[in-house]
Amino acid sequence: MTRNQIHSIFLSAFVLVAALIATRPAAAQDPKQLYPTMAPVEQYLMDLDAEIALARSAAPDAISHDASVIVLTRHGYETAVQGKNGWVCWVGRAWMAMFDHPEFWNPRIRAADCLNPPAARSVLPYAYKRTELLLAGHSKPEVIAAIKSAIEKKELPALEPGSVCYMMSKGSYLTDYGGHNGPHLMLYETTKDDAAWGANLTNSPVLSVNYWYISAQSYAQLKSFPPLSVFLVVVDKWSDGTPAPSM
Amino acid sequence: MTRNQIRITLLSGFALVAALIASRPVAAQDAKQPYPNMAPIDQYLMDRDAEIALARGASPDSISRDAEVLVLGRHGFETAVKGKNGFVCIVERSWTSAPDPDFWNPKVQTPICYNAPAARSFLPRNIKRTDLILAGRTKAQTDEAIVAAIDKRELSAMEPGAMCYMMSKQGYGGDSVEHWPSHLMFYFSQTNPATWGADLPGSPVFAMSDTREHLTEFVIVVQRWSDGTEAR
């Protein structure tokens with residue numbers, strides 16, 4: 001698999017999807033047509049033990065062993081394991097991608113993720129809110145409006161410095177494209193400027209994406225959201241210590 | 001613990017480097033104080049064009065071609081190339097970038113490209129350290145002066161988003177660790193390494209914490225050199 005192909009996995013999963021879609025042959029299936037609406041909720045749910053194990057596999061055992069684990073239920077995420085190191089591991093579903101992501105409703109997505117304490121405090125509340133509202137049947141514009149309101153009322157926190165997450169699980173399924181997965185860390189920053197980190201440039205090991213959208217034109221209200229960038233650094237091993245494919 | 005002592009700890013944490021160290025234990029232990037004093041300044045200086053090229057090699061060309069480049073002069077670092085993207089590339093010398101046994105090793109040359117927040121908040125520490133060293137201060141005097149300047153806020157705290165690239169195939173890390181793995185570094189004011197899961201078994205993150213400088217550096221090894229070739 002070439003480096004560009006591997007990049008495409010991430011590009012299609014969480015980064016610069018618009019560019020990828022734009023270059024795909026017209027005859028290829030449009031993911032928006034594949035996943036136009038939410039599937040029955042059962043398709044997003046998992047066996048409890050399997051979900052806990054997958055969530056923990058996002059980080060090396062030295063981290064996830066003592067982490068809290070949250071699991072998806074019909075109404076949102078609930079704590080399945082109470083941790084003691086401040087980290088929270090979970091399995092993100094497709095709707096945690098950008099609001100205009102073509103796989104937003106893909107029921108196969110299982111994104112194992114362990115958030116460090118600053119991210120657990122300042123990023124996870126957004127995931128809780130988004131998930132609860134979507135599972136309650138609200139539309140994307142309604143969810144966006146509710147999050148906007150919660151931010152303005154300071155019901156949702158500002159991003160804490162040093163917010164990081166590990167996504168090093170061999171068992172994740174991040175996208176229908178390519179090899180579906182690859183180990184990486186994600187660093188959250190309030191900058192709007194990808195260039196500040198040299199991200200998305202030729203041979204740079206750093207990729208970045210806007211947390212909220214692929215295209216600022218997709219949902220007008222998102223343009224007024226606080227800037228939130230996710231910087232992704234590919235690492236060379238899975239969480240179990242085995243080597244990952246070259247990227 | 002000084003920054004150079006901390007570097008030894010970090011180096012022992014790098015899997016790739018640990019293997020390298022393990023393969024050369026006798027050489028490392030026998031070489032007691034091979035560089036007890038500063039060498040003549042000329043031994044630390046480089047050909048200007050070679051230094052610019054080496055500095056730029058710290059990051060992919062897509063970043064470094066528009067970066068400012070500093071080169072070492074007899075009294076400190078000087079701007080050799082004006083940049084336009086906020087990055088600053090530099091070849092650091094032993095007194096800022098090597099473990100203690102190599103503190104005066106004139107062969108040490110570590111290329112680094114700092115992003116703009118790091119160039120504003122971290123790089124000034126190494127510029128000042130270099131100025132003091134070249135002015136004849138001892139290592140201890142330099143350490144004291146840097147700590148004092150930080151405490152007096154003459155040197156700033158780390159800015160959010162401060163990071164650097166150290167992805168050069170070239171350079172020389174020191175006699176015990178001749179070459180660092182290709183990596184990125186992220187700078188924070190004093191932070192608990194556990195916050196990033198650093199230094200734990202299986203973690204891809206390593207940390208250096210210097211309580212005197214109120215500084216924590218997180219290191220993530222990457223797969224490729226700055227020219228895109230495989231690094232492992």
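In chain B, strand 3 (residues 88-92) and strand 4 pair in the antiparallel sense over five bridges; strands here are DSSP runs (E, at least two residues), helices are DSSP runs too (H or I, at least four), both numbered from the N terminus, and two strands pair if DSSP finds at least two bridges between them. This is a predicted model, where local features need pLDDT of at least 70, side-chain atom pairs count only at pLDDT 80 or more, and totals for chains, interfaces and linings use all residues. Residues are numbered from 1 along each chain as its sequence is written, chains are lettered from A and ligands numbered from 1 in the order in which they are written, and side-chain values use heavy atoms, with hydrogens and water left out.

**Strand 4 of chain B**
- On one side, B:Y114 in strand 4 is the bridge partner of B:V88.
- Strand 4 also pairs with strand 5 (residues 163-166) of chain B, again antiparallel, over two bridges, and there B:Y114 has B:C164 as its bridge partner.
- Five of the five residues of strand 4 (residues 110-114) are buried, so the strand is largely enclosed by the rest of the structure; buried means under 20% relative accessible area, exposed over 50%, partly exposed in between (1.4 Å probe, protein chains only).
- In a regular strand, side chains alternate between the two faces of the sheet.
- Here B:T110, B:I112 and B:Y114 point one way, while B:P111 and B:C113 point the other.

**Nonpolar cores**
- A nonpolar core is a set of buried Ala, Val, Leu, Ile, Met, Phe, Trp, Tyr and Cys residues joined through side-chain atoms within 4.5 Å.
- The largest one has 52 residues, and A:Y166, A:L187, B:Y165, B:L184, B:F186 and B:W196 have the most contacts inside it.
- Apart from that one lies another core of 49 residues, including A:V123 and A:Y188.

**Helices of chain A**
- A:E51 sits in helix 4 (residues 48-56) and, at 1% relative accessibility, counts as buried.
- Leaving out residues up to four places away in sequence, A:E51 touches A:M46, A:I70, A:V71, A:L72, A:Y77, A:V91 and A:R93; contact means heavy atoms within 4.5 Å.
- The buried residues of helix 7 (residues 124-135) include A:L124, A:Y126 and A:R130, and the buried ones pack against elements including strand 1 (68-73) and helix 8 (140-152) of chain A.
- After helix 7 comes A:G137, with a positive phi near 95°.

**Confidence in chain A**
- The average pLDDT, the predictor's confidence in each residue from 0 to 100, is 88 for chain A, and 87% of its residues score at least 70.
- Over residues 1-28 of chain A, pLDDT stays under 50.

Note on methods: Expected span 1.5 Å × (residues − 1).
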